[in-house]
Amino acid sequence: MNKNEGNNKRGGSRPNSSRPSSNKPKPAMQKRAQGPKKVKPTTGDAAPKKAVKPVNNVPKPLKSDDIRLNKYISNSGVCSRRDADIYIQSGNVKVNNIVITEMGYKVKPGDVVNFDGATLTPERKEYILLNKPKNFTTSNEDNDDYRNVLELVRGATNAKIQPIGRMDKNTTGLLIFTNDTDMVRKFSLPNQKSAKIYQVSLDKNLKFEDLEKISNGVTLDGHKLYVDEISYIEGEPKTEIGLKLRTPNVKVVRAIFESFKYDVLKIDRVAFAGLTKKNLPRGNWRFLTEQEIINLKNV
């Protein structure tokens, strides 16, 4: 920008003082005659033409606040976009009291959306990361031996959040809560690509030959489970193992070692889809940053 401005200054009009001093100055009448050449008077016919603005100067319309109907339903937290499409096609969704079956229909600000008999109010998407302690579970069953993990994030938001995946009372570590049903569904799929890293404590040293066998994959209930990485944890006894998997099911971690006759004393999820426990003590939670949310959606 500065370079162009400098060029403009050099290219602008300036007094003609660079001529050699040997040239005789022109008469005063000739100097006055040069003035009109620089600023040419506008004729009456030309003035209106200059006042007309080109078509491409017309301001562009502002970005629309319209939102696709299936996304509007998903944002309300009742179901995913894919399930919303099914409800729309079945005639179970009304907009301003009119049944809508058109795929791709867009809801405008102020529209009233009725889903299966109930009026929807979309919520702002919330994403919370918890470092789960022991004796809390994702199960909704009443039991005096443990409490539900939602108690730990109760003061975070009024949105209807839910945990992504399941954790039993003895498993600790990273757990994400959100009201984004699309994200919950994404990370619940068996073929999803996000990696999880666990630190596993065993009742005895893991034999090297067993470590190698596990690294080549394990067959559980007739299904081959592929292990991304397994290793001893540096500086720790060989009862402490690092395990990297893509499966969303934490129970698989315990099943792997039990199939080799090891008892699992503790499972701690130390990483989830690029998120870590850094600066997040046990039992504490925090909101995800905008960049972390983008990263999760792009996994």
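Buried means under 20% relative accessible area, exposed means over 50%, and partly exposed lies in between. In this predicted model, Arg-246 has 36% relative accessibility, so Arg-246 counts as partly exposed. Its place is the loop between E16 and H8.

## Arg-246: contacts

Asp-228 is a partner of Arg-246. The two side chains make a polar contact at 2.8 Å. In sequence, Arg-246 and Asp-228 are 18 residues apart; C-alpha to C-alpha, they are 7.6 Å apart in space.

Leaving out residues up to four places away in sequence, Arg-246 touches Gln-192, Lys-193, Ser-194, Ala-195, Lys-196 and Asp-228.

## The largest nonpolar core

In soluble globular proteins, nonpolar side chains tend to be buried together. Here, the largest nonpolar core has 35 residues. Ile-230, Ile-256 and Phe-257 have the most contacts inside it. Elements giving two or more residues to this core include strands E7 (127-132), E11 (171-178), E12 (196-202) and E16 (240-245). H8 supplies the largest share, 4 residues.

Which residues does Ile-230 contact, leaving aside neighbours within four places in sequence? Ile-230 is in contact with Leu-206, Leu-211, Ile-214, Ser-215, Ile-241, Gly-242, Leu-243 and Phe-257.

## Another core

Note on methods. Residues are numbered from 1 along each chain as its sequence is written. This is a predicted model: local features need pLDDT of at least 70, side-chain atom pairs count only at pLDDT 80 or more; totals for chains, interfaces and linings use all residues. Side-chain values use heavy atoms; hydrogens and water are left out. A nonpolar core is a set of buried Ala, Val, Leu, Ile, Met, Phe, Trp, Tyr and Cys residues joined through side-chain atoms within 4.5 Å. Buried means under 20% relative accessible area, exposed over 50%, partly exposed in between (1.4 Å probe, protein chains only). Contact means heavy atoms within 4.5 Å. A polar contact is a pair of N or O atoms within 3.5 Å; within protein, one must be able to donate a hydrogen and the other to accept it, and residues adjacent in sequence count only if both atoms are side-chain atoms.
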